[in-house]
Amino acid sequence: RERERERPQQQPPLPLGWNWAVCLRIQLVYVAIIPGLHRALFRIDPVAGIFYDIDGNLCHAPTASSLSLWRGLFIYVLICRTQLKDLLAGDCTRWRADMVGSSDQAELVRVEREVDEGVGDIRQYLSLLRKLKARRSQKAVKHGLVLLKSSALRNTLGNEVWTVYEQVAIAALDCHALDVAQDCIGVLSAKFPDSIRVDRLEGMWFEAKGSWQQADKIYSGLLEEQPLDPQIQKRRVAIAKGQGNLGGAVELLRQYLEIFMADHDAWRELAETYISLQKYNQAAFCYEELILMQTSSGLWHLKYADVHYTIGGLENLKISKKYYAAAIKLSGGQNLRALYGICLAAAAINQVKGRGKEVKESSELQSLAGAYIIKEYKRKCHKKKDMVSVVLDKLQIYFEEF
């Protein structure tokens, strides 16, 4: 009140409801999107709950009955500010990552075409392969050897030459070009005689050769020096799977995940291994971990639904239907496998007797999924639309085409 008396006589404020709406809307916009700008437009007295505009005019002085409400709204706005800033920052980060990834992919295609024609920069091409982790093993070996065999080109690489040697060695192992890989590993061993990284390449060479015991001996020795090296532990899993020892691979993966619990690739590998062993409940647990780590990924929802559909039973079928629906939602309706999954799960549920309500709900959902399936085939592969319609009819899926 003393502050109000110190200020010149003001015109009556606007109606309470309108003024509150305008003030709250302005604060929501400026506080959330442009931090700092709202301070230039308004000066706020948080104790008295009074707003003054840029000219010093009183916007609104809340009454005692509305003061507590305004304070609550003001705190709510501040909370929204923090959450919205984080949300916008996350969206911008993902947008930048998508844009950078798309531009790099386009650049890789362009440089690869130029290198194949003999006019491109091989060094840039190999660098892009490493950056994008693209698997172009045959071309990496072909163009990498051109770069390494020429002393003039090799000298231009500087210290990067050792990275190229490693890249060509791994690509040669992927192509089963063991002689090329052995030559590259020999050069690296001469330069770095006590390197764990080079010793791991040697173990990979024995893997490609089929000498599992020698490779495992090398990895066991390296783990004594570096027991927490994830790459070496993964190579031991690869040895077990290469020998067909899926049980041993499961045990090694479980030991690995006790240390590196956030490695989603390891969880996926363990889930697929469990599926190969027909241990579907354990595989479902792995996909649950993946869903918790990457909630917005429709792939894990789809895999989780597949596992529950495979297990069977009414409760598992209901779970699979829900997660097929979640995969469709996360993919924007573009996941054809999930659409088929909805139809199959709902049709299986309909076969259960004495559940009329559930049958009705499943029928509505599968009809919508069937309509979208036919729509996609009409748009992309019209020749197979009739065949798909016959399949859906056998599942007793009735729908109206869009």
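## Exercises on a helical chain

Thr273 counts as buried because its relative accessible area is 1%, where buried means under 20% relative accessible area, exposed over 50%, and partly exposed in between, computed with a 1.4 Å probe on protein chains only. The structure is a predicted model, in which local features need pLDDT of at least 70 and side-chain atom pairs count only at pLDDT 80 or more, while totals for chains, interfaces and linings use all residues. Residues are numbered from 1 along each chain as its sequence is written, and side-chain values use heavy atoms, with hydrogens and water left out.

**Exercise 1.** Locate Thr273 in the secondary structure, and find the residues that it is in contact with, leaving aside its neighbours within four places in sequence.

*Solution.* Begin with the whole chain, whose secondary structure comes to 20 helices and three strands; helices (H or I, at least four residues) and strands (E, at least two) are DSSP runs, numbered from the N terminus. Finally, list the partners: with neighbours within four places set aside, Thr273 is in contact with Lys241, Leu246, Val250 and Leu253, a contact being heavy atoms within 4.5 Å.

**Exercise 2.** Describe the largest nonpolar core, and state which element gives the most to this core.

*Solution.* A nonpolar core is a set of buried Ala, Val, Leu, Ile, Met, Phe, Trp, Tyr and Cys residues joined through side-chain atoms within 4.5 Å. The largest such core has 39 residues, and those with the most contacts inside it are Tyr125, Leu126, Val164, Trp205 and Tyr219. The elements that give two or more residues to this core include α4 (64-116), α5 (122-132), α8 (160-174) and α10 (196-209). Of the contributing elements, α8 gives the most, with eight residues. To look at one member in detail, take Val164, which touches Leu126, Arg130, Leu147, Leu148 and Leu157 when residues up to four places away in sequence are not counted. The chain also has a second, separate core of 22 residues, which includes Ala249, Val250, Cys286 and Tyr287.

**Exercise 3.** Classify the aromatic pair of Trp162 and Tyr165, and then that of Tyr304 and Tyr323.

*Solution.* A pair of aromatic rings is described by the distance of the centres and the angle of the planes. Rings of Phe, Tyr and Trp (its six-membered ring) pair if their centres lie within 6.5 Å; planes under 30 degrees apart count as stacked, over 60 as edge-to-face and the rest as tilted. The structure holds seven aromatic pairs. In one of them, the ring centres of Trp162 and Tyr165 are 6.0 Å apart and the planes lie at 25 degrees, so this pair is stacked. Both residues lie in helix α8, three residues apart, which is about one turn of the helix. Trp162 is partly exposed at 24% relative accessible area, whereas Tyr165 is buried at 12%.

For Tyr304 and Tyr323, the rings are 4.7 Å apart from centre to centre with 75 degrees between the planes, and the pair is edge-to-face. This pair links distant parts of the chain, with Tyr304 in helix α16 (residues 298-311) and Tyr323 in helix α17 (residues 314-330), 19 residues apart. Tyr304 is buried at 6% relative accessibility, and Tyr323 is partly exposed with a relative accessible area of 26%.

**Exercise 4.** Decide whether α10 and α11 are roughly parallel or antiparallel to each other, and do likewise for α10 and α12.

*Solution.* Axes are lines fitted to C-alpha atoms, for helices over the stretch in contact, and angles run from 0 to 180 degrees between N-to-C directions. Angles under 35 degrees count as roughly parallel, over 145 as roughly antiparallel, 65 to 115 as roughly perpendicular and the rest as oblique. The axes of α10 and α11 come within 7 Å and cross at roughly 160 degrees, and the two helices are therefore roughly antiparallel. Residues making the contact include Ile196, Gly203 and Phe206 of α10, and Trp212, Ile218 and Leu222 of α11. The axes of α10 and α12 come within 11 Å and cross at roughly 5 degrees, so these helices are roughly parallel. Here Ile196, Arg200, Met204 and Glu207 in α10 meet Gln231, Ile232, Arg235, Ala238 and Ile239 in α12.

**Exercise 5.** Determine where Lys133 lies and whether this residue is buried or exposed.

*Solution.* Lys133 has a positive phi of about 55 degrees although it is not a glycine. Lys133 lies in the loop between α5 and α6, and at 74% relative accessibility this residue counts as exposed.
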